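Please find below a short note for a colleague, to be read alongside the sequence and the coordinates.

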Amino acid sequence: LSLKQIIYTGFIRSILLNREINIFFFTLIFNVLFLIVPNCIFLSVPLLLVANINPLLLGIVVSFEIRLKQLIMVLIFMYLIVYLFSWFAFYYFPELFEFNGLLKVGQSDDYEDKGEKLCSSMIQCYLTMLSYGVRSGGGIGDVLPKLSFKVNPGYFVAAFFFVVLFHIFVIWIMINLFFGIIVDTFAALREKTYKIEEDKKN
């Protein structure tokens, strides 16, 4: 590379990595979009830039930026685990995912709700597991119907291990691992700030 190309590449990289310049273009783009399509959402999104003013909020953003790759890998691995559980639900426990009283957007008032199976296809089962399982504090078992042990003990035991293993791997391990990375980053940033303050005092 020539000296001119090196200087040009460094200039472009410094612009792309500059936080103030990125914030300026981010705000400019949403303001232009509001002028083109007058929707209030384009004015509300730039309010998130308040994190650049408050040091505490800025620390949260920086912690995400530092461990972004690790956080993404944890999320991908968690989604793969949910995908594995979705296969088990689709093949062995489709009866557990029949719900009544679901909101039918676009249906007429005289529509009779006879229940709907949310695990009739693999993609539907996977999205159901992500929506109901990951968001629930106790996992997918919080939204599934209660089973009778006397009617079918084998099915009851199999469903028990299914919901318990989902809770252990997804809720306990993966989600806590995700939050643990963020908390560990906070601790590292706090320690770094403390050392800088000590160096200034000494």
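Predicted model: local features only at pLDDT ≥ 70, side-chain atom pairs only at ≥ 80, totals over all residues.

1. Helix 6 covers residues 122–134, which is 13 residues. At 1.5 Å a residue, helix 6 should span 18 Å, and the 17 Å between its end C-alpha atoms agrees with that.

2. The buried residues of helix 6 are Met122, Cys125, Tyr126, Thr128, Met129 and Gly133. These residues lie on the same side of helix 6, because they cover an arc of only 160 degrees around the axis. In an α-helix there are 3.6 residues a turn, so residues three or four places apart point the same way.

3. The partners of this buried set are helix 5 (68–92) and helix 7 (153–201), against which the buried residues of helix 6 pack.

4. Across the whole structure, a search finds 13 aromatic pairs. In one of them, phenylalanine 90 and tyrosine 91 have ring centres 5.3 Å apart and planes at 75 degrees; with over 60 degrees counting as edge-to-face, the pair is edge-to-face. Phenylalanine 90 is partly exposed at 22% relative accessibility, whereas tyrosine 91, at 55%, is exposed.

5. The pair of phenylalanine 160 and phenylalanine 161 is also edge-to-face, with ring centres 5.4 Å apart and planes at 75 degrees.

6. One aromatic cluster is formed by Tyr83, Trp87, Phe90, Tyr91 and Tyr126. Of these, Tyr126 is also among the buried residues of helix 6.

Key. Residues numbered from 1 in each chain as written. Heavy atoms only, no water. Helix = DSSP H or I, 4+ residues; strand = E, 2+ residues; numbered from the N terminus. Expected span 1.5 Å × (residues − 1). Buried < 20%, exposed > 50% of the residue type's maximum accessible area, 1.4 Å probe, protein only. Arc of directions from axis to C-beta. Contact = heavy atoms within 4.5 Å. Phe/Tyr/Trp six-rings, centres within 6.5 Å; stacked < 30°, edge-to-face > 60°.
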